[in-house]
Amino acid sequence: MLAARTADHGSFRLEPSTTCVDANERAARLVDPGFGRVFTDHMAVVRYNEADGWHDATITARAPLSIDPSTAVLHYAQEIFEGLKAYRLADGSTALFRPAANAQRFRSSARRLAMPELPDDLFVQSVEQLVRTERQWIPEGEGGALYLRPFMIASEAFLGVKPSAEYLYMVIASSVGAYWKGGARPVSIWVSRNFTRAAPGGTGAAKCGGNYAASLLAQSEAIRQGCDQVVFLDAVERRWVEELGGMNVFFVFDDGSLSTPPLTGTILPGITRDSILQLARDQGVTVREEPYALDQWRADAESGRLTEAFACGTAAVVTPIGSVVGADGRFTIGSGGTGQLTQRMLDSLTAIQRGHSPDPYGWRHAVD
Ligand SMILES: *Cc1c(COP(=O)(O)O)cnc(C)c1O
């Protein structure tokens, strides 16, 4: 049962916060928001139970949750999430980037975690309505955006191991600044030998918190080795490059072609990945989705056949990979800086996202 449709908030009932941050304080928080620390005044909430289905869609004051200590998600990690951004465009309007793609992926993650599928229109409305309510929280500066974090948790208070009978879907919003101040900085990547991220038949293609929990130790190992990020190899042969903890990976070759590992179920199907594949094809770049082995990566980097590598995802969009460190030492990609095609992909994608160039794909989703 959805609340009555209203002109402004679709199926969502608006319960305005009575404790909104005042304009001066908000301006102060937006000066240098960083990533994931500054939150807005409201959140979207939709509840699910077997009897009523999805119901009680509300935009309400952002507040702590009060949940029973036996709540299923706290014990068995039945949780999924999404991440997408709303941008202020060159003409002053606001747009989300490909929210329908996030809605679809959210349903596919839900199926894998034995959770109910949130209808796409409810997902898209939830982020639209929250952005409409909170657009004053989009930082003005170059690179600023409102990062939306939709997520769903198993909310039944029961310790039995089974899919929960109740769920809570929510969206929170966080003001974020440019991910890399002063332009993209090439990162160094640690190749994890001890840990894998996802095995065939596992949850690698689902955006679930559990995948991240399992990646944190490998990420700490990367930091200990003096690297910025970890890259995972496949769990079966420990040979094929899969992805970073939260970003997909691309390789650029000296013939100008681009390749990325195929989506075989152990890799998260990134929307940035998909967008780059499409942009590159349309710019006449030869694109391949094919497995790429770590030893080949090293050989190609050393011979010069591989000229660039980059990681991509919603948060940082495109991140150049400068060097790779593994058990047999370090190798550098190209000159260790930001390659030409890497920069071109970053520039063309951000130009579409921010309304600086035409949008032939209909990726921008206006929020009036
Ligand atoms: C979210 C995510 C990505 C990137 O997906 P985008 O839709 O491009 O943001 C890549 N890998 C993992 C493991 C992720 O969770």
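1. Helices (H or I, at least four residues) and strands (E, at least two) are DSSP runs, numbered from the N terminus. In these terms, β6 (84–88) and α6 (271–282) each contribute at least two residues to the lining of the largest cavity. β6 gives the largest share, three residues.

2. The model is predicted: local features need pLDDT of at least 70, side-chain atom pairs count only at pLDDT 80 or more, and totals for chains, interfaces and linings use all residues. Numbering runs from 1 along each chain as its sequence is written, and side-chain values use heavy atoms, with hydrogens and water left out.

3. A cavity is a set of points, on a 1 Å grid over the protein atoms alone, where a 1.4 Å probe fits but cannot get out; lining residues have an atom within 4 Å of a point. Grid points are joined across faces, edges and corners, and a volume is the space filled by probe spheres set on the points. One cavity of 30 Å³ or more is counted. The largest cavity has a volume of about 90 Å³.

4. Lining residues of the largest cavity include L84, Y87, I271 and T272. Domain 1 (13–176) and domain 2 (187–353) each supply at least three residues of this lining, with domain bounds taken from an automatic or database domain assignment.

5. Around the ligand there are 15 residues, of which K207, Y212, E243, T272 and T314 come nearest; a residue counts if one of its heavy atoms lies within 4 Å. T272 also belongs to the cavity lining, as does T314.

6. An N or O atom in the side chain of E243 is 2.6 Å from a nitrogen atom of the ligand. For R105, a side-chain N or O atom is 2.8 Å from a ligand oxygen atom.

Terms used
On a 1 Å grid over the protein atoms alone, a cavity is a set of points where a 1.4 Å probe fits but cannot get out, and a pocket is an open set with protein on both sides within 12 Å along at least five of seven lines; lining residues have an atom within 4 Å of a point. A polar contact is a pair of N or O atoms within 3.5 Å; within protein, one must be able to donate a hydrogen and the other to accept it, and residues adjacent in sequence count only if both atoms are side-chain atoms.
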